[in-house]
Amino acid sequence: QVQLVESGGGLVQAGGSLRLSCAASGLTFSNYGMAWFRQAPGKEREFVASNGWSGATYYADSVKGRFTISRDNAKNTVYLQMNSLKPEDTAVYYCAAGFLVDTKRGSYHDWGQGTQVTVSS
């Protein structure tokens with residue numbers, strides 16, 4: 001049974017930084033594509049970043065140059081370093097795992113419970 005547990009969310013001022021972590025279990029982590037999505041109140045869940053076992057990495061245009069996804073296969077953990085945060089980054093951030101590595105929500109079949117990120121202006 002796959003489990004994904006996010007941590008690291010919180011309240012930060014605009015311009016600040018946060019690092020999210022997602023600890024995975026129940027899967028051969030190094031074989032999986034991992035991604036971060038986010039969902040703001042009243043909005044659809046949207047892609048943020050993804051990282052594959054081969055090193056392929058994708059970012060949403062809205063976070064390019066500010067967010068960095070990375071993974072530690074020895075710790076079965078994927079990270080999202082978020083810098084220069086903006087109020088519009090406020091959302092619940094979800095970790096996801098899948099066999100493919102792309103930007104599509106449907107490509108990921110296991111999801112964490114999410115962690116709240118709030119950016120104040």
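Let me start with a question: are Cys22 and Cys95 buried or exposed? Both are buried. Buried means under 20% relative accessible area, exposed means over 50%, and partly exposed is in between, with a 1.4 Å probe and protein chains only.

Some ground rules. This is a predicted model, where local features need pLDDT of at least 70, side-chain atom pairs count only at pLDDT 80 or more, and totals for chains, interfaces and linings use all residues. Residues are numbered from 1 along each chain as its sequence is written, and side-chain values use heavy atoms, with hydrogens and water left out.

Back to the cysteines. A disulfide is a covalent bond between the sulfur atoms of two cysteines. Here, two cysteine sulfur atoms within 2.5 Å count as one. That rule gives 1 disulfide. It joins Cys22 to Cys95, with 2.1 Å from S to S. The torsion about the S-S bond of Cys22 and Cys95 is about -75°, so this disulfide is left-handed. Cys22 is in strand β3 and Cys95 in strand β9, so the pair ties together parts 73 residues apart in sequence. A word on names: strands (E, at least two residues) and helices (H or I, at least four) are DSSP runs, numbered from the N terminus.

Next, the sheet. Which order do the strands of the open sheet take? There are 4 strands, in the order β1-β3-β8-β7, with antiparallel pairing. Two strands pair if DSSP finds at least two bridges between them. β1 (3-7) and β7 are the edge strands, each pairing on one side only.

Antiparallel to β3, β1 is joined to it by 5 bridges. Gln3 has Ser25 of β3 as its bridge partner. Leu4 has Ala24 of β3. Now the two faces of β1. Leu4 and Glu6 are on the covered face, while Gln3, Val5 and Ser7 are on the uncovered one.

Over to β7 (residues 67-72), where we find Phe67. Phe67 is buried, at a relative accessible area of 2%. Leaving out residues up to four places away in sequence, Phe67 touches several residues, including Arg38, Tyr59, Leu80 and Tyr93. Touching means a contact, with heavy atoms within 4.5 Å.

Now the rings. Rings of Phe, Tyr and Trp (its six-membered ring) pair if their centres lie within 6.5 Å; planes under 30 degrees apart are stacked, over 60 edge-to-face, and the rest tilted. How many aromatic pairs does this rule give? The count is 4. Take Tyr32 and Phe99: their ring centres are 5.0 Å apart and their planes at 40°, so the pair is tilted. Tyr32 sits in the loop between β3 (18-25) and β4 (33-39), and Phe99 in the loop between β9 (91-98) and β10 (110-111), 67 residues apart. Tyr32 is buried, at 11% relative accessible area. Phe99 is exposed, at 55%.

Next, Phe37 and Phe47. Their pair is edge-to-face, with 5.6 Å between centres and 80° between planes. Both residues, Phe37 and Phe47, are buried. Ring pairs link Phe37, Phe47, Tyr108 and Trp111 into a cluster.

Last, charges over rings. The test: NZ of Lys or CZ of Arg within 6 Å of the ring centre and within 35 degrees of the ring normal. Arg45 has its charged end over the ring of Trp111, 5.1 Å from the centre. Arg71 has its charged end over the ring of Phe29, at 4.5 Å from the centre.
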